[in-house]
Amino acid sequence: MRYLFIGIVLVSVILTLLPHIVYVLAKLVSLVAPLRVSYRPFGYTALGLVVLWVILACFGNIYGRFRHEVKPVQLTFETLPKSFDGLRIVHISDLHLDGWVGHEQQLQARIDEINALEPDIICFTGDLVSLGAEELKPFVPILRQLHAKEHGRVYAVLGNHDYLPYNRSLTPHERTTAFAELVRMEREELGWTVLLNESDIIRRGNDSIAILGCENQSVGAHPVVQRGDLVKTMVGTDSTFCILLTHDPSQWRKEVLPMTRIPLTLSGHTHAMQLRVLGFTPSRWIYPECDGLYTEGCQHLYVNIGLGGTLPWRIGATPEITLLTLICTK
């Protein structure tokens, strides 16, 4: 509730200032032009904007952030091995577990829903926590229930928050220790396959595909963590159909497209700024690829806008579980 209150106050101040700035400018113009300026419409506008914002923020906190959707996406590939035709991948991202405290039943329902989809593999593209590794501990019994048909495989990469750069109370040594503990818990207590600039091969008969996991490589507008090494991640996968997991979608255009022929990249990170109005999200101003499916030639990027969030509301940007089905066309 503290973050909700702080957010409401900060945005309310901004919305109050905007009409008053316009009013002051109009008054200045009226000093040199025959223009009569009344304060009343500007005051009413400020009040109306604040009231509308408070209503939307409360709606987004109580209802919007826990409403979700399952998005089915079908993709076709000539290079997909025949044995993997129809491969079902559940893609989730950006849980930010601190926002689920007190809402454990809601998270349990999401896990049950994912398992009911009977995916072959599950891919998580980062930001499990927001500020500390301890956020994971109370949710271990819930998250360890995630299960896929392909030997139960749950693949994960780390997002910028998982490196804990925003926890200013940590010393560099404490941050490194907490980061290592988070990776350990994901691997040992959740049973997830955490890929740190590395890959894993899935085999069916004589066919195989590679799941690549690149560490966070923010090369766009928010370069807080740059630990990704795409060349290292791809070692040993030259002739294999690859699916790349990388948290920040800015890496796709900056590195994946010019350097590789990886057919499918899965990312998260943007949350669609947790705001979408009539199909528009302001995250487009920051990330050219911010929400959904993007295609360049034979290469695809899917950006999942997450199930959780860094702010305690979602307005229009509905949390999502993505169900990808891969089809072989050869």
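Let me start with tryptophan 100, which, in this predicted model, has a relative accessibility of 2% and therefore counts as buried, the cut-off for that term being under 20%. Its ring forms an aromatic pair with phenylalanine 66, and the geometry is edge-to-face, with 5.8 Å from centre to centre and 65° between the planes. Because phenylalanine 66 sits in the loop between H2 and E1, while tryptophan 100 sits in the loop between E2 and H3, this pair ties together parts of the chain that are 34 residues apart in sequence. Phenylalanine 66 is buried as well, at a relative accessible area of 10%.

Tryptophan 53 is in helix H2, which covers residues 40-64, and tryptophan 313 is in the loop between strand E11, residues 299-303, and E12, so here the pair ties together parts that lie 260 residues apart in sequence. Both tryptophan 53 and tryptophan 313 are buried. Elsewhere, ring pairs link Tyr23, Tyr39 and Phe42 into a cluster, and there is also a charge over a ring, with arginine 227 lying over the face of phenylalanine 179 at 5.0 Å from the ring centre.

Turning now to the sheet, which strands stand at its edges? The sheet is open, has six strands in the order E1-E12-E2-E3-E4-E5, and shows mixed pairing. The edges are taken by strand E1, residues 69-77, and strand E5, residues 193-194, and since each of these has a single partner strand, one side of each is left without a neighbour in the sheet. As a reminder, strands of a sheet pair through backbone hydrogen bonds, either parallel or antiparallel. For E1 the partner is strand E12, residues 320-328, and the two pair in the parallel sense over nine bridges; within that pairing, valine 70 stands opposite isoleucine 321 in E12. Helix H3, residues 104-116, lies across E1, strand E2 (87-92), strand E3 (121-124) and E12, and runs at about 15° to E12.

The next residue is histidine 247, which is found in the loop between strand E8 (241-245) and helix H7 (250-259). Is histidine 247 buried or exposed? It is buried, because its relative accessible area is 0%. Its side chain makes polar contacts with two others: the side chain of aspartate 127, at 3.3 Å, and the side chain of histidine 269, at 3.1 Å. If we leave aside the neighbours within four places in sequence, histidine 247 is also in contact with residues from several stretches of the chain, including Asp94, Thr125, Val157, Asn160, Asn216 and Ser267.

I will finish with arginine 184, which is located in helix H5, residues 172-189. With a relative accessibility of 28%, arginine 184 counts as partly exposed, since this value falls between the cut-offs of 20% and 50%. Its side chain is joined to that of glutamate 181 by a polar contact of 2.9 Å.

Definitions and conventions: Residues are numbered from 1 along each chain as its sequence is written. This is a predicted model: local features need pLDDT of at least 70, side-chain atom pairs count only at pLDDT 80 or more; totals for chains, interfaces and linings use all residues. Side-chain values use heavy atoms; hydrogens and water are left out. Helices (H or I, at least four residues) and strands (E, at least two) are DSSP runs, numbered from the N terminus. Buried means under 20% relative accessible area, exposed over 50%, partly exposed in between (1.4 Å probe, protein chains only). A polar contact is a pair of N or O atoms within 3.5 Å; within protein, one must be able to donate a hydrogen and the other to accept it, and residues adjacent in sequence count only if both atoms are side-chain atoms. Contact means heavy atoms within 4.5 Å. Two strands pair if DSSP finds at least two bridges between them. Axes are lines fitted to C-alpha atoms, for helices over the stretch in contact, and angles run from 0 to 180 degrees between N-to-C directions. Rings of Phe, Tyr and Trp (its six-membered ring) pair if their centres lie within 6.5 Å; planes under 30 degrees apart count as stacked, over 60 as edge-to-face and the rest as tilted. A charge sits over a ring if NZ of Lys or CZ of Arg is within 6 Å of the ring centre and within 35 degrees of the ring normal.
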